[in-house]
Amino acid sequence: MHKVIYDTDPGVDDAMALLFLHRHPEIDLLGITTVFGNASVETTTRNALFLKREWNIPAPVSKGASVTIDSSRAERPWPAMVHGDNGLGDIDVPETIDLPLDPRPAHRFIIDTVRAHPGEVRLVAVGRMTNLALALKEDPEIATLAKDVVIMGGNFYVPGNVSPVAEANIHGDPEAADIVMTAPWKVAVIGLDVTAVTTMSRSYLGEMAARGDKAVKQLDALSQSYIDFYKHAVEDGMMVHDSCACVYVVVPELFSSISGAVRVVCGGIADGQTIVRPDGRRFPPDGAWDGLPSQVVCTGIESERVLDLIRNTLLAA
């Protein structure tokens, strides 16, 4: 069993990934930590509680960061054109959910859970990396105690989606992402290089909904406006960014990758750009790169097999 903390900002594709984690037989979902990004942290936390209630997910929910780790950064508008005003495709979601939150802030929940299960916890982060960076700042030793970190974010050999060089999750808090990438733990980066070529059509999702239970039908409903948004890039479908990271947890062999140190540009016109220095390449000594851990950067994916695994897992209720 893979012991997972899911760090998320629900978010339409976050919702699909959450249902995947909840239903995959090899995943033990220890907790859901929320962060700002696709909407305010108040909204993403409400959405996490809503999905927990609707889908009977036993894992606790812990509310996380509401601002970037560098508090001087100005917040940008929420991407309502992508995920809807309420973050879940503007389906009907109550303003409040009568479920308790874990009393700890998300970064403390992460620290305590990693320490309770040394060498076992896999952090699956599909939003901004602020909670993880705050956990490292408070307790740097968790980098040696977590099993690994699987990130949906970044782009290396393809364009970004919020600027020519930056992907949204990393661009939302570049300083936090750089802290996470350079910490002495194992990180696998599942970015736009693989998620942008893994698309689920409206009809594929609709067929799943026709065969599935209430949760799958709900997922289909909340994804419709998200699919509409993607019409500029996908023919009547959507990129399943966050679910790709969750698939990597259980079937990493569906991905090809390179390894090397990873840094994030913080500031300027390349703000949020992710850069890998591939292992085996010789460069002059450079204090910005030398001595950093080698991380995994995914560059290829078996998209059809990934989609089939998502479908089969969601329908296995």
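Modeller: Before we turn to the record, note that UniProt positions are given in the numbering used here, that feature names are shortened, and that annotations may be inferred rather than shown by experiment. Residues are numbered from 1 along each chain as its sequence is written, and the model is a predicted one, in which local features need pLDDT of at least 70 and side-chain atom pairs count only at pLDDT 80 or more, while totals for chains, interfaces and linings use all residues. Side-chain values use heavy atoms, with hydrogens and water left out.

Colleague: Which residues does the UniProt domain annotation cover?

Modeller: The unreviewed UniProt entry annotates residues 4-307 as "domain: Inosine/uridine-preferring nucleoside hydrolase". That span is 37% helix and 19% strand, and its end C-alpha atoms lie 21 Å apart; helices (H or I, at least four residues) and strands (E, at least two) are DSSP runs, numbered from the N terminus.

Colleague: At what angle do helix 12 and helix 13 pack?

Modeller: Two packed helices are described by the angle between their axes and the distance between the axes. Here the axes are lines fitted to C-alpha atoms, for helices over the stretch in contact, and angles run from 0 to 180 degrees between N-to-C directions. Helix 12 (residues 241-250) and helix 13 (residues 303-314) meet at about 90°, with their axes 10 Å apart, and they are therefore roughly perpendicular (under 35 degrees is roughly parallel, over 145 roughly antiparallel, 65 to 115 roughly perpendicular and the rest oblique). Contact (heavy atoms within 4.5 Å) is made by Ser243, Cys244, Val247 and Val250 of helix 12 with Val306, Leu309 and Ile310 of helix 13. These residues divide into 6 nonpolar, 1 polar and no charged, where Ala, Val, Leu, Ile, Met, Phe, Trp, Tyr, Cys and Pro count as nonpolar, Asp, Glu, Lys and Arg as charged, and the others, Gly among them, as polar.

Colleague: How many aromatic pairs does the structure hold?

Modeller: A pair of aromatic rings is described by the distance of the centres and the angle of the planes. There are 4 such pairs, counting rings of Phe, Tyr and Trp (its six-membered ring) whose centres lie within 6.5 Å, with planes under 30 degrees apart called stacked, over 60 edge-to-face and the rest tilted. Phe36 and Trp78 are edge-to-face, at 6.5 Å centre to centre and 80° between the planes, and they link distant parts of the chain, 42 residues apart. Ring pairs also join Tyr226, Phe229 and Tyr230 into a cluster.

Colleague: Is Phe36 buried or exposed?

Modeller: Phe36 counts as buried at 0% relative accessibility (buried means under 20% relative accessible area, exposed over 50%, partly exposed in between, with a 1.4 Å probe and protein chains only), whereas Trp78 is partly exposed at 35%.

Colleague: How many residues of helix 8 are buried?

Modeller: In helix 8 (residues 174-182), 7 of the 9 residues are buried, so this helix is largely enclosed by the rest of the structure. Those buried residues pack against several elements, including helix 5 (130-138), strand 5 (148-152) and strand 9 (255-264).
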